[in-house]
Amino acid sequence: MGRVAKSAAPAVELPVGEHTVRVSNPDRVYFPELGLTKLDLVQYYLGVGDGIVNALRDRPCMLHRFPKGLAGGKVHQKRVPAGAPDWIPTVRVYFPRYGRHADELCVRELADVIWAVQMSTVEFHPWNSRASDTESPDEWRIDLDPMPDCPWSRVQRVAGVVHEVLDELGAVGWPKTSGGSGLHVYVRIAPEYGFAQVRRAALAFAQEVERRAPEDVTTAWWRKDRDPAQLFVDYNQNARDHTIAAAYSVRGVPEATVSTPVRWTEIDDIVPRDFTVRTVPARYAELGDLQADMDKAVFDIAPLLELADRHGTEEPVDLDES
């Protein structure tokens, strides 16, 4: 006589704000090495609710979905998954390269996030512009991306140079771990420039950091031209439709790391892999959202564009267009 298949756990209905989100297959294991389930992931995002909503609010958002958990592979989804309830907000964006539009998730409240998790989303990758004007970024992103042989100590050291240059510019930077081996620093900017201008400003900044720390930093776009022990300041993350994991987003890696906001004063002491689904909620409960005041510190990138002019910074390469 054959074995009777074990029945799946019944769906869980969760009140989230004014909505109820039905979480099906709550016991589906998403992170096999840790035994973390879909419901564990939901509970994590509820635990950092204000933070993840602040990071995503009003931005077109690409979803990294894992319908069968990490073991089943990742789906990069621009369009909101089929079957979305009518209260899920979206924004239509155009992709010139393909001549197509997509209605992307545009989070306004926590229920929108939890619904996306119910639809097997693990990672949230928002644009650096908002629905009110998707062509005018309001977020300049500094991506400190270590090459394969780059030690964490080098990332920490370059972060200090980044902080120094930002201070000289009068810009407030908001650092976070990437959820991998690097760091991201966000700067709120006035949405008065297009993607190409913001990217050019980002390159001018990256080259200034490289001038100050030439042994540590590269801005060479082509990977073959980079020293594998250096840190790449990836200015191209500011190109249109280039997205990176949001603050408080879980990463789809076996350790369930989280892209976690940190204080500048912490960077010398932190170990990025310590920030996970299991540890970040307690940190969040203690510290709150370290990026909550970002909208109060708006920077005008004009000085960086002037720096680009002075140094003859050419329009940066976009790998998608080359």
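Biologist: In this predicted model, which residue of β14 is the bridge partner of Thr 218?

Modeller: The general idea comes first: strands of a sheet pair through backbone hydrogen bonds, and they do so either parallel or antiparallel. In this predicted model, the partner of Thr 218 in β14 is Phe 232. The strands β13 and β14 (residues 231–233) are joined by 2 bridges, and they run parallel.

Biologist: In what order do the strands of the open sheet stand, and which are the edge strands?

Modeller: The open sheet is formed by 5 strands, which stand in the order β11-β12-β10-β14-β13, with mixed pairing. At the edges are β11 (174–177) and β13 (217–218), each of which pairs on one side only.

Biologist: Which helix lies across β10, β12, β13 and β14?

Modeller: That is helix α4 (residues 152–169), which lies across β10, β12 (183–188), β13 and β14, and which runs at about 155° to β10.

Biologist: How should I read a pocket, and what volume does the largest pocket have?

Modeller: Rolling a probe the size of a water molecule over the atoms shows where empty space is left. In this structure, the largest pocket has a volume of about 470 Å³. Its lining is made up of 25 residues, and those nearest the centre of the pocket are Asp 143, Asp 145, Asp 234, Gln 237 and Ile 244.

Biologist: Which strand gives the largest share of that lining, and how does the lining divide by class?

Modeller: The largest share, 4 residues, comes from β10, while β5 (61–65) and β10 (139–146) each supply at least two residues. By class, the lining of the largest pocket holds 9 nonpolar, 10 polar and 6 charged residues.

Conventions: Residues numbered from 1 in each chain as written. Predicted model: local features only at pLDDT ≥ 70, side-chain atom pairs only at ≥ 80, totals over all residues. Heavy atoms only, no water. 1 Å grid on protein atoms, 1.4 Å probe; cavity = no way out; pocket = protein on both sides within 12 Å on 5 of 7 lines; lining within 4 Å. Points joined across faces, edges and corners; volume = space filled by probe spheres on them. Nonpolar A, V, L, I, M, F, W, Y, C, P; charged D, E, K, R; others polar. Pairing = 2+ DSSP bridges. Contact = heavy atoms within 4.5 Å. Axes fitted to C-alpha atoms, helices over the stretch in contact; angles between N-to-C directions.
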